[in-house]
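This briefing covers confidence, helix packing and selected contacts. Please look through the sequence and the model first.

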Amino acid sequence: MTETGHPPARGERPSHFRSAAYSQAALARIILSGGARDIADAARRLVPTTSDRYASDGDFVRAAADLLAEARRLLEYAVTYERAKGLDWERITAKLDDTGQDYAKAEHDWRMRVLAAWLDPDNAENTYTTPDRLAKYLAELDDWADDGEPAPVSGDLPAMTTAERAALIAQARALLDEGPPDDSPERRRFEIGLCRRAIELHEDLVAASPGDAAAREALAEARARLRTPLT
């Protein structure tokens, strides 16, 4: 949906069409921040003894076990963030003292969700993909983490680079090319999203270098592809 609540027409760019402001590493760091905040809030509720009179037998064991499970997820977020920053698996597994196979799967699944959200933000499961939702979430984290510094969470998040955008487009193309023929609505949305992201990238490249004939040709091809019925 557009910000007005109406679905964009075919070929029309929704209001959040421009690239997400943040890189994959930044998005992974935001998820890590949110997970740490949730654990801190949950642990804090275990501190006051005045709550004990309302607790049933075993409630504190259950709460501690839940925190342990949340900490495991937080570790997955941390691994994903380090990988998004470019840290190799050898150095990560040295810190984990295990093979890291479970974390590798979690990282791969997260990257696929990010790619899907980037191609099809209107139907993304991740609620922090559109600019307004992401800004609201970051404002909440900034307020929670207030330590006297301006924007303690959002202040140093890196932007998505042109190279990263190009890499995501190439990755999306490869996944669609390798997949079986599929006329599902989801695949069609991804193909349209891929065309739009390619147009967006080449528009920016042409704007930065108006004399780049290759960029102008690639832009024309991407626009033509979006106008062509996708199968």
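What pLDDT does the protein average, and what share of the residues score at least 70? This is a predicted model, and the protein averages a pLDDT of 84, with 86% of the residues scoring at least 70.

**Confidence**

- For residues 1-19 the pLDDT is below 50.
- That stretch, residues 1-19, still has 44 contacts in the model beyond near neighbours in sequence.
- Where pLDDT is low, predicted coordinates should not be read in detail.

**Helices α1 and α2**

- Helix α1 covers residues 24-44 and helix α2 covers residues 59-85; their axes come within 9 Å and cross at roughly 160°.
- An angle over 145 degrees counts as roughly antiparallel, and α1 and α2 are therefore roughly antiparallel to each other.
- The crossing of α1 and α2 is left-handed.
- On the α1 side, the residues that meet α2 are Gln24, Ala25, Ala28, Arg29, Ile31, Leu32, Gly35, Ala36, Ile39, Ala42 and Ala43.
- On the α2 side, the contact uses Leu67, Glu70, Ala71, Leu74, Tyr77, Ala78, Thr80, Tyr81, Ala84 and Lys85.
- Sorted by class, the contact of α1 with α2 has 15 nonpolar, three polar and three charged residues.

**Leucine 74**

- Leucine 74 is a residue of helix α2.
- Setting aside neighbours within four places in sequence, leucine 74 is in contact with Leu32, Gly35, Ala36 and Ile39.
- Leucine 74 and isoleucine 39 are 35 residues apart along the chain, and their C-alpha atoms are separated by 8.6 Å.

**Helices α1 and α5**

- The axis of α1 also comes within 11 Å of the axis of helix α5 (residues 131-144), and the two cross at roughly 50°.
- α1 and α5 are therefore oblique to each other.
- The crossing of α1 and α5 is left-handed.
- From α1, the contact with α5 is made by Leu27, Ile30, Ser33, Gly34, Arg37, Ala40 and Asp41.
- From α5, the contact is made by Leu134, Tyr137, Leu138, Glu140, Leu141 and Trp144.
- By class, the contact of α1 with α5 has eight nonpolar, two polar and three charged residues.

**Helices α4 and α7**

- The axes of helix α4 and helix α7 (residues 185-208) come within 8 Å and cross at roughly 75°.
- α4 and α7 are therefore roughly perpendicular to each other.
- Ala116, Trp118 and Leu119 of α4 make the contact with Arg189, Phe190, Gly193, Leu194 and Arg197 of α7.
- By class, the contact of α4 with α7 has five nonpolar, one polar and two charged residues.

**Salt bridges**

- The whole structure contains 14 salt bridges.
- In one of them, arginine 72 pairs with aspartate 102, and the closest N and O atoms are 3.4 Å apart.
- Arginine 72 lies in helix α2 and aspartate 102 in helix α4 (residues 101-119), so the pair ties together parts that are 30 residues apart in sequence.

Conventions. Residues are numbered from 1 along each chain as its sequence is written. This is a predicted model: local features need pLDDT of at least 70, side-chain atom pairs count only at pLDDT 80 or more; totals for chains, interfaces and linings use all residues. Side-chain values use heavy atoms; hydrogens and water are left out. Axes are lines fitted to C-alpha atoms, for helices over the stretch in contact, and angles run from 0 to 180 degrees between N-to-C directions. Helices (H or I, at least four residues) and strands (E, at least two) are DSSP runs, numbered from the N terminus. Angles under 35 degrees count as roughly parallel, over 145 as roughly antiparallel, 65 to 115 as roughly perpendicular and the rest as oblique. A crossing is left-handed if the near helix is turned anticlockwise from the far one by less than a right angle, and right-handed if clockwise. Contact means heavy atoms within 4.5 Å. Ala, Val, Leu, Ile, Met, Phe, Trp, Tyr, Cys and Pro count as nonpolar, Asp, Glu, Lys and Arg as charged, and the others, Gly among them, as polar. pLDDT is the predictor's confidence in each residue, from 0 to 100. A salt bridge is a side-chain nitrogen of Lys or Arg within 4 Å of a carboxyl oxygen of Asp or Glu.
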